[in-house]
Amino acid sequence: MNENIIAYVLAYLLGGIPFGLILAKIFANVNIKDEGSKSIGATNVLRVLKQKDPKLAKKIAVLTVVLDVLKGVLPILIAKFAGLSDATLWAMAVLAVIGHCYSPFLKFEGGKGVATGAGVLALFLPIEICIALAVWFVVGRVLKISSLASLSALLALIVSSFIIHPQIPEINSHAPIFIIAFVVFYKHIPNIKRLFSGQESKVI
């Protein structure tokens with residue numbers, strides 16, 4: 001089998017591992033797919049587990065973020081070490097995010113793709129990710145709305161990528177960034193609707 005195809009399949013399957021769901025079940029015996037926003041991401045882990053054990057909730061949420069980042073980053077680093085092309089690495093980045101958002105282990109449901117997306121993009125666009133994280137931190141700190149912070153960071157990343165890298169090295173295209181951004185934005189549509197109706201929950 002072609003090594004690129006193997007890399008693509010692994011990126012998608014590893015991206016699909018629902019760490020938030022697994023950790024919440026193991027350490028708190030809670031199915032986060034049935035509570036809160038029903039997302040498998042760190043924000044919902046924090047929101048749901050906080051009701052039981054605030055200290056445990058923070059630890060599990062942080063661990064969820066770390067693992068959601070690593071599941072996208074590590075396969076790409078291994079593929080890069082193996083000598084696969086930048087085009088293949090970018091495709092793996094996209095597939096890792098799609099795997100997280102549409103997990104094959106959850107009947108093609110999943111999370112919002114923020115942590116995994118940030119992780120894989122950091123490998124290619126570290127300066128832009130630093131800018132996006134700064135925006136995410138400020139908006140999250142001031143407004144305390146996770147979805148709004150994430151969407152603001154996403155916009156900051158796209159704008160800064162065009163300013164800093166008018167042409168993306170090696171692939172000369174912003175297409176992978178736009179695909180990742182579209183998937184993350186699409187998964188946030190329910191949050192956007194709640195934002196406009198004033199019903200979006202705050203993370204306190």
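Contact here means heavy atoms within 4.5 Å. Keep that cut-off in mind for the whole tour.

The model is predicted: local features need pLDDT of at least 70, side-chain atom pairs count only at pLDDT 80 or more, and totals for chains, interfaces and linings use all residues. Residues are numbered from 1 along each chain as its sequence is written, and side-chain values use heavy atoms, with hydrogens and water left out.

**Stop 1: A57**

Select A57. This residue lies in helix α4. Helices are DSSP runs (H or I, at least four residues), numbered from the N terminus. A57 has 0% relative accessibility, so it counts as buried. Buried means under 20% relative accessible area, exposed means over 50%, and partly exposed is in between (1.4 Å probe, protein chains only).

Which residues does A57 touch, not counting residues up to four places away in sequence? Show L46, L49 and K50. A57 and F27 are 30 residues apart in sequence, yet their C-alpha atoms are 9.7 Å apart in space.

**Stop 2: helix α3**

Select 42–49, which is α3. This helix is mostly covered, with six of its eight residues buried. Colour A42, N44, V45, L46, V48 and L49; these are the buried ones. What covers them includes α2 (19–28) and α4.

**Stop 3: the largest pocket**

The pocket has a volume of about 1,400 Å³.

Here is how it is defined. On a 1 Å grid over the protein atoms alone, a pocket is an open set of points where a 1.4 Å probe fits, with protein on both sides within 12 Å along at least five of seven lines; lining residues have an atom within 4 Å of a point. Grid points are joined across faces, edges and corners, and the volume is the space filled by probe spheres set on the points.

Next, show the helices around the pocket. α3, α4 (54–81), α6 (114–124), α7 (126–143), α8 (146–164), α9 (175–187) and α10 (189–197) each supply at least two lining residues. Colour the lining by class: 24 residues are nonpolar, 16 polar and nine charged. Ala, Val, Leu, Ile, Met, Phe, Trp, Tyr, Cys and Pro count as nonpolar, Asp, Glu, Lys and Arg as charged, and the others, Gly among them, as polar.

**Stop 4: helix α8**

Select 146–164, the span of α8. At 1.5 Å a residue, its 19 residues should span 27 Å, and the end C-alpha atoms are 26 Å apart, which agrees. The expected span is 1.5 Å times one less than the number of residues.

Colour the buried residues of α8, among them S146, A149, S150, A153, L154, L157 and S161. An α-helix has 3.6 residues a turn, so residues three or four places apart point the same way. What covers the buried residues of α8 includes α3, α6, α7, α9 and α10.

**Stop 5: the nonpolar cores**

Select V120 and L121. Of the 29 residues in the largest nonpolar core, these two touch the most other members. A nonpolar core is a set of buried Ala, Val, Leu, Ile, Met, Phe, Trp, Tyr and Cys residues joined through side-chain atoms within 4.5 Å.

α1 (3–15), α4, α5 (86–101), α6, α7, α8 and α9 each supply at least two residues of this core. Which helix gives the most to this core? Highlight α5, with eight residues.

Show what V120 touches beyond four places in sequence: G72, V73, I76, A93, A96, V97 and I180. Then move to a second, separate core of 16 residues, which includes L21, A24, L46 and V48.

**Stop 6: A79**

Go back to α4 and select A79, which lies in this helix. At 6% relative accessibility, A79 counts as buried. Leaving aside neighbours within four places in sequence, A79 is in contact with L84, L89 and M92.

**Stop 7: the loops**

Select F108, in the loop between α5 and α6. F108 is exposed, at 52% relative accessibility. Check its backbone: phi is positive, about 65°, although F108 is not a glycine.

Now jump to the loop between α8 and α9, where N172 sits. N172 also has a positive phi, about 50°, and is not a glycine. Its relative accessibility is 52%, so N172 counts as exposed.

Finish on P169, in the loop between α8 and α9. Is P169 buried or partly exposed? At 43% relative accessibility, P169 counts as partly exposed.
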